[in-house]
Amino acid sequence: MSPAALPPPPPPPHIRFWPDRSALLADRERALDELHRHSLGVHRVLLLWLLALAAIIGWALLVLPIQQFEERDPTGFLLGPVFALLGLASLTPSVVAVALAVRRDHQLRQLLDAWLALDSHPLSDARLRSPGLSLFWLLSSLGVGAIGLWASFASAAGAESGRSTYAEVTLRVGVGTILWLAGLIGVVKAVRHYRWALRALGPAGAAPGVTPAVVPSPTASARAGSTAGAFSGPPTHGTRPS
């Protein structure tokens with residue numbers, strides 16, 4: 001399934017105009033809210049955990065042929081390759097999806113910065129800090145990462161010759177590593193959002209400097225007055241009609 005389309009960037013300065021500052025702020029607020037939802041929404045952290053679960057299932061399927069070989073299971077010659085293919089089919093898309101999500105986060109930050117640079121409205125921009133969501137990302141990711149680290153080190157340290165099989169240790173260490181990496185991704189995202197909020201919005205409670213709004217000349221205002229509308233997909237006031 002293709003990811004949801006992101007709001008477009010602001011139009012270039014040479015064709016940028018709005019009928020008035022209210023129209024600019026309306027388009028800007030809608031674009032920022034949509035970008036913020038794509039960046040830090042609860043569905044994003046749930047998707048991360050689902051991808052981690054899919055990766056764990058894939059890893060477990062990959063370890064099954066090793067377990068069958070250790071147990072000298074005669075069906076391993078037939079089922080082993082099947083389990084390996086199923087494991088790769090579950091693990092590989094999860095890894096690719098996480099890599100694409102990290103790349104998309106960079107694009108989201110660029111779009112957020114571009115829309116923020118148009119103007120300044122501290123009252124509406126304060127919602128972008130989302131301390132509650134950021135804290136949820138941080139705490140949940142720390143919990144998952146801690147479980148993963150414990151599972152990895154405990155499995156490796158507690159392995160005993162003759163009692164623990166290679167398949168069991170490999171499975172536990174792999175599952176712990178996947179959980180640790182998923183938690184690390186979530187922690188990094190929460191920290192980056194906090195640093196971005198400090199850089200782009202300033203400290204909490206401090207009003208950032210107001211930059212001039214980009215508004216048209218009276219002639220452009222008269223021509224654009226009939227085109228005013230709500231932002232839905234592409235900005236309605238950000239491009240000059242042909």
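This is a predicted model: local features need pLDDT of at least 70, side-chain atom pairs count only at pLDDT 80 or more; totals for chains, interfaces and linings use all residues.
**Group meeting: helix packing and salt bridges**

Residues are numbered from 1 along each chain as its sequence is written, and side-chain values use heavy atoms, with hydrogens and water left out.

So, what does D125 pair with? D125 forms a salt bridge with R28, and the closest N and O atoms are 2.9 Å apart. The criterion is a side-chain nitrogen of Lys or Arg within 4 Å of a carboxyl oxygen of Asp or Glu. R28 sits in helix α1 (residues 21-40) and D125 in helix α4 (residues 122-125), so to speak distant parts of the chain, 97 residues apart. Helices here are DSSP runs of H or I with at least four residues, strands are runs of E with at least two, and both are numbered from the N terminus. R28 is buried too, with a relative accessible area of 1%.

Searching the whole structure turns up 8 salt bridges. Another one joins the side chains of E29 and R127, at 2.9 Å from N to O. E29 lies in helix α1 and R127 in the loop between α4 and α5, so this pair ties together parts that are 98 residues apart in sequence. R127 also forms a salt bridge with D33, with the closest N and O atoms 3.0 Å apart. D33 is in helix α1, and that pair is 94 residues apart. Put together, E29, D33 and R127 are linked in a network of salt bridges.

Now on to the helix packing. Helix α5 (residues 131-157) packs on helix α6 (residues 166-201) at an angle of about 155°, and their axes are 7 Å apart. The axes are lines fitted to C-alpha atoms, for helices over the stretch in contact, and angles run from 0 to 180 degrees between N-to-C directions. That makes α5 and α6 roughly antiparallel; the cut-offs are under 35 degrees for roughly parallel, over 145 for roughly antiparallel, 65 to 115 for roughly perpendicular, and oblique for the rest.

Helix α2 (residues 42-70) packs on α6 as well, at about 165° with the axes 9 Å apart. So α2 is roughly antiparallel to α6.

Let's zoom in on α6, where we find A167. A167 is buried, at 2% relative accessibility. What does A167 touch? Leaving out residues up to four places away in sequence, A167 touches V63, I66, Q67 and E70, where contact means heavy atoms within 4.5 Å. The C-alpha atoms of A167 and Q67 are 5.2 Å apart, although the two are 100 residues apart along the chain.

Last one: K189, also placed in α6. K189 is buried, with 12% relative accessible area.

Key: Buried means under 20% relative accessible area, exposed over 50%, partly exposed in between (1.4 Å probe, protein chains only).
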